[in-house]
Amino acid sequence: MDIFFSYLIYFILFCVSLATILLTSRSKLPPGRKGWPIIGESLEFALAARRGNPERFITDRMNKYSPEVFRTALMGENMAVMCGASGNKFLFSREDKVVTSWWPNFIKKIFGNPSTGDLTKPHKVLAEFLKPEGLKHYVEIMDMMARKHMDLYWAPNQEVKVYPLSKKYTFALSCRLFMNIEDPESVSRISHGFDHILAGFVSLPIDIPGMAFNRAIKARSILHKQIMEIIKKRKKELEEKGDLASQDLLSRLLLLVSDENSKVLSEMEISNQINGAFLASHETTSTAITFILKYLAELPDVYDAVFKEQMEIAKSKGPEEFLNWNDIQKMKYSWNVVRESLRLLPPAFGAFREALTNFTYAGFTIPKGWKISWTVHSTHKNPKYFPEPEKFDPSRFEGQGPSPYTFVPFGGGPHMCAGKEYARLKILVFIYNVVTRFKLEIVNPNEKITHNPTPVPANGLPIRLQPHQM
């Protein structure tokens, strides 16, 4: 009898499996191709980015297969790329219901703990810290640090490389606001570790000595120890002397009574939140600043309009008076210029998701477990949404601006970039300090731009500075 029931169970399982296979085979998968075994189309994807035209990979397949969704294979995974405003809307409105965040295994390996990988879900303290209500008190610090940065690295020179200097400024600012660290040596040491980690994200995932991926894993371990030492030191100071420098992120996390699950955050969890904040804000903001200044140097009419707006603010300030929140709200045209730059050269290509269940989109079935990508490259230069898409035109953002789900440099839905407002403030404060002091001239108009995966000027974007005669 026991044997009979065992065979019956096996038979039922066989029937269920067979039915699943038959249903899947009959389902209409998105059109496309898987490419080579194991690597899929990863090589084509990487080459398009290296050649400075990452949107080519997307638009070619939209034209060939479907403007709504197509199939590919990247990083060893079956992947559906959702396209257009409708695709963005579908994914952003179904977060954690039909799809969930997904990170490639090699990124998880660099972090060392898969559970810490979702940078799109910051702790509530970090989320509150990054909201306008929390950030408005830091505008003065941002302006003070930007002035100091200009005095040290820009004013003494006739020519500067914008990309490395923008990275230096944005990282130093994050160190100050996140952990109250201002010592240049400490900032440089921490920055060095993050540079190795970011390089590991875009390297071959081969963990042997001498490879960038291996250096990233080692850097992550060293960086973790450094931040843990900072956390322990700050924790001791808070216990002995009370609420010191409580306006920085680290102190807020340490002073937290409990999180959503009524559990005090561990030092490891605090370290993960700090690391996530750095990684999410470091490369993207400095890249954005770099190309905004590129456009300002190339387009005199745009520069003049930004200069006029910023000088009106500057003239309303005393000699030693710093910017405040109200000043930022007056930078409307400047923010339109920023957004147009983000449309043309977005720092991030998009993000990945994983299907939690089988679902249908545009008449095609996306199987459970498939990876899904949304990307800025299906809308940002799409003439359907932006007429004359290659033209730099800040007026696109006047009035109600672009149609919903077409301009998505910060994503959308529940997982929209939590640091959007932080990026806005950093960028606008930096623009103010540059244009009120210098006229800009591009040194090499034909400098090559590669994407790895963020856009990077091959020579760091050298710009000639012409100080204003006040």
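Why does threonine 290 count as buried? Threonine 290 counts as buried because its relative accessibility is 0%; buried means under 20% relative accessible area, exposed over 50%, and partly exposed in between, with a 1.4 Å probe and protein chains only.

1. Basis. This is a predicted model: local features need pLDDT of at least 70, side-chain atom pairs count only at pLDDT 80 or more, and totals for chains, interfaces and linings use all residues. Residues are numbered from 1 along each chain as its sequence is written, and side-chain values use heavy atoms, with hydrogens and water left out.

2. Overall. The chain has 17 helices and 12 strands. These are DSSP runs numbered from the N terminus (helices H or I, at least four residues; strands E, at least two). Of its 470 residues, 50% count as buried. Take contacts between residues at least 6 apart in sequence: 73% join residues at least 24 apart. Contact means heavy atoms within 4.5 Å.

3. Threonine 290. This residue sits in helix H13 (residues 267-298). Leaving aside residues up to four places away in sequence, threonine 290 touches Val162, Tyr163, Ser166, Pro457 and Leu461. Proline 457 is 167 residues away along the chain, yet the two C-alpha atoms are separated by 8.6 Å.

4. Second largest pocket. Its space is about 620 Å³. A pocket is found on a 1 Å grid over the protein atoms alone, as an open set of points where a 1.4 Å probe fits, with protein on both sides within 12 Å along at least five of seven lines; lining residues have an atom within 4 Å of a point. Points are joined across faces, edges and corners, and the volume is the space filled by probe spheres set on them. The lining has 21 residues, and Tyr153, Lys168, Tyr169, Ala172 and Val187 are the closest to the centre. Helices H8 (139-154), H9 (162-179) and H10 (184-201) each give two or more residues. H9 gives the most, with seven.

5. The lining divides into 12 nonpolar, four polar and five charged residues. Here Ala, Val, Leu, Ile, Met, Phe, Trp, Tyr, Cys and Pro count as nonpolar, Asp, Glu, Lys and Arg as charged, and the others, Gly among them, as polar.

6. H10 against H11. H10 and helix H11 (residues 212-241) pack at about 145 degrees, with axes 8 Å apart. Axes are lines fitted to C-alpha atoms over the stretch in contact, and angles run from 0 to 180 degrees between N-to-C directions. The contact includes Gly193 and Phe194 of H10 and Ala216 and Leu223 of H11. By class it has nine nonpolar, four polar and three charged residues.
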